Amino acid sequence: MKFDYNSFISELQKEFDGTFSESEIKDLLNLEEEIIKDTPLSTGKRLVVNYVSFTGKKSTEDAQDFKDEIIDYRQEIYSGVNIWVADNLKGKSSIFKVIKFALTGDNSLKPNISKWIDHILVVFSINDKKYTAYINNSKRQINAALYNKEIKSYPVEGEYSEEQLFFSTSKDDFQSKLKEFFFHQFDYYSLRWTQKSPIKDSDDLLEAGASWLTYFKSIFLESKDTAELMYGGQGTKVFQMLLGLYLTSPINKLTIEKDKMMHLKGKQQSFDSREVLENEEKKVQLQKRLDELTEKLSKLMQAERQSVDIISMVKEYDQLLAAMEVENAKSFKLNNDIQKNRKQKTETYERKQFVEEELNKLKKEFIKAEKQQTDIKEYLEIGIFFSNLDLKACPSCSHPVTSEKKQRAVTAHTCALCSDDVSEDISDVNTDSLSAKSDELTKLQEGLKISIEALKSELDEITKNAKELSKVKIQLEQQQSSIKDTGALNTRLFELQRAISEERKKVRPLDSEKNDIIEKKAVLNYRIKQLNELPQRTGDQKIEQKIQLLAKAIDKLNKIRFADGQSILKKLSDLMTDEVKALGLRITEITINDRFDIKYKQDGDYLSFSEIAEGEQLRAKLAFYLSLIQLDIEHNYGRHTRFLIIDSPGKEEGDKNYLDSLTRLIKELETRFGDDLQILIGTAERSLENAVTHQNIFPENVYVF
Amino acid sequence: MELDEQVRIYKDRLRIFLILFYFSDEFTSTEHPEYKKIFKSEVRIQKIDFLIRNPDYLAYELLLIAANDTDKRQEIKQIVKSIYDSSEPQLRRLEMERFFFGAYEDIDDVIGFLKSIGFIGFTSRKNSDLKTIEKQYFVTQLAITKANSAISNLPALEWYIRRCELINNYFGNLSGSQLKVSQYQIEEYRNTSFKNFIGEISETVKNDFYSIFNERL
């Protein structure tokens, strides 16, 4: 990196000649320390988590099947890819959150689960040096310590005190000490930004800086953050830190400085002589505008008096409305009547059909009874007709049936013709019962006759009613045609309405314009008054020029950084392009601009991360971080810790293609970079089983701990 | 034996006897002096029986005559009207199966019965296929005496007598084959397949009646 601070200063001075001297600029920028702070060259360090364990008890108030189970989780973790495969909600994320807690001091475990966990031990190494983070979470306030050796048993008080790097009795302290530790290890520093005070009505500008926890977002890719490439507004800060391009720190410092100055300028009520002059000019202009408005207002007031007489129109409108109401009422009643008539007709028709059916049924029954009557009568009479007739001859052989034969047959209870035994034959037909039946049928028929008559007369009545209803219908229809055409009335009404509203509009804008003018006049008066009561000049008279200087310096530095970082950014974007393609995305090119905005070229358009289809964002994000790590491994640039935790990478993008390419990618990462990086993956996707050597498979419905 | 069956048997006996009685011609024979009337062909019995049992078909045939014979038109109109006014098609209908040569029902039992009580005699010949042909039925003096004396006292049977007279009046001169031919002109009758009951044709009758007399039945 060829950057000559002194010539940079003198170049700037030339541009601000007459305003600032070189030494003034040097004092203002004050970048001596920052200039040498950044280097894109990798520290060569990597973070590896070797072991995680925690203990506790699943105390819960609900009657769960795991109630009061003892937790004693121990897990060796290796370089390369480590996978936890378990169903959702079975504790994968909690493992990762425990690791995060131990490495950052930030506890993001769900409160109920955090309550279960008493002791946490995470062994990690930075290159070959092993460390152990220990947290005692059993009390309200945590006790935590970092040891510079591998410890796999929960230390009791005072134990390993010689190896203790620090000991904290609060979360905040633990967090800040871990930050110090990791910042030092990985050459991170706190890139800063300014933000408005969250306190209402305070216009203070607060300065904030990226913490270790902020940078840890580039390690722990939580499933909930999928929609963003880098976490929140500090994303580009994280990115810049991970890249470590030259001049990043000076740019950051000057930007903060500029923000502060601009804020100060806004607060200052300072004016220089030129501004006073401008104010005088302003005052004249304002007065002129005020005079114009006064004149316009008086004209308006006059015009208002000549407003058009719309009373007659309103009167006609009201009359029309009344007339229409009358017609509408008529039409409403008529429609009601028609409706009623229609309903009655339907009812009558239905009743008629019912009665007719009923009548048919009864008639059929009557005829059936009649037929039975006839049968009985015929039977009885035919019986009489053929009675007293003796057998005369055999129909087959024509031999006569003599009286002796007949007599013999009677005695023998046999048939005189066929000689069959007829002793058991019982005549079912009893003439007495037949007469009784006939009487019954007569009664039935009489009853039926009455019903039929009743139905017939009802039918007559119904028919009469139906005729009457039809007559009414015709009358109603005639009435309907006699109702005045409300359409015409309506048209006239509409015309009037429009005319009135137009007339009113002519008046109304006058009102609003008047108010508007009065308002403007008040504002002008106020501003003139304000200009008259100008406060005395205070504060830094050169602040505007200083801001311009800073802006210029930032712009120059940015250009230098971008030009210098070009080859690194190119390498990174190439890596990303390869990676997204490998993950099956249709992205043909990736560009990174001087503000570290990343654009993805898809179907000819350059999209920002948030514009990529939701189902593809996780892959783009994975590609981003994997590329950052590869940049370190392959090109020795950047300072990612080479440690990633990916929680549920298959959750949102569970299509087969994606999972296949993810599996392939994971396998490839394992073979290519197994010794150079560490990735912890938690997933519910069973298809990721057996992709890598180091896996912890939990069967369906089994808790991880 | 159920009443229905009994009734059927009784009715069959009466109808067949009345057909032989009313539709037969005078007869004298020295060999069988008791035979006073002669009736030829079983087919004719069957066809006449069909008209008795199906008042709708009778009405239809009568309307055919009315359509061609203006003299008889008014008379037939009244007859058909009264057939329908008294619901005869429903009340008097006795369904009949179609056989090879149209409406047919086995009447051998009835003939046998009538013979056993000495009401009728009958002769037939067998042809070379051993088929019984040229059936002839004779009504005896005994039957004639009985019918003349008893029937007038039996009001329930009067309808049959009136009906026989009516059919005799309009169709008495037709042979069995001729009757068969005219019945075959009716679609419903013709289309009835073998061994199925011949259906009602009241709708057709009502339509024909309307087209002839411009009046609804």
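In the predicted model described here, Tyr134(A) stands opposite Ala145(A), which belongs to strand 6 of chain A. Strand 5 (residues 129–136) and strand 6 of chain A run antiparallel and are joined by five bridges, where two strands are taken to pair if DSSP finds at least two bridges between them. Helices (H or I, at least four residues) and strands (E, at least two) are DSSP runs, numbered from the N terminus. Strands 5 and 6 of chain A form a hairpin, with six residues between them. This is a predicted model, in which local features need pLDDT of at least 70 and side-chain atom pairs count only at pLDDT 80 or more, whereas totals for chains, interfaces and linings use all residues. Residues are numbered from 1 along each chain as its sequence is written, and chains are lettered from A and ligands numbered from 1 in the order in which they are written.

On the side of strand 7 (residues 164–168) of chain A, strand 6 of chain A takes part in a further antiparallel pairing, made through four bridges, and in it Tyr147(A) stands opposite Gln164(A) of strand 7. Because four of the five residues of strand 6 (residues 143–147) of chain A are buried, this strand is largely enclosed by the rest of the structure; a residue is buried if 20 or more other C-beta atoms lie within 10 Å of its own, exposed if 12 or fewer, and partly exposed in between, with C-beta atoms placed from the backbone.

Strand 5 of chain A also pairs with strand 4 of chain A, in the antiparallel sense and over eight bridges, and here the bridge partner of Ile120(A) is Ile135(A) in strand 5. Strand 4 (residues 117–126) of chain A is in turn paired with strand 1 (residues 47–57) of chain A, over nine bridges and in the antiparallel sense, with Ser53(A) opposite Leu121(A) of strand 4.

For chain A as a whole, the secondary structure comes to 17 helices and 16 strands, and buried residues make up 27% of its 705 residues. Of the contacts in chain A between residues at least 6 apart in sequence, 72% join residues at least 24 apart, a contact being counted if the C-beta atoms of two residues, placed from the backbone, lie within 7 Å. In helix 12 (residues 403–412) of chain A, the number of buried residues is zero out of 10, so this helix lies largely in the open; just after helix 12, His413(A) takes a positive phi of about 55 degrees.

In chain B, four strands form an open sheet in the order 1-2-6-5, with antiparallel pairing. Its edge strands, each of which pairs on one side only, are strand 1 (25–26) and strand 5 (120–126) of chain B. Two bridges join strand 1 of chain B to strand 2 (residues 35–40) of chain B, the two running antiparallel, and Glu26(B) has Lys37(B) in strand 2 as its bridge partner.

Between the chains, 21 residues of chain B are in contact with 23 residues of chain A. On the side of chain B that touches chain A, the elements giving two or more residues are helix 1 (3–22), helix 5 (88–91) and helix 6 (108–116) of chain B, and the largest share, seven residues, comes from helix 1 of chain B.
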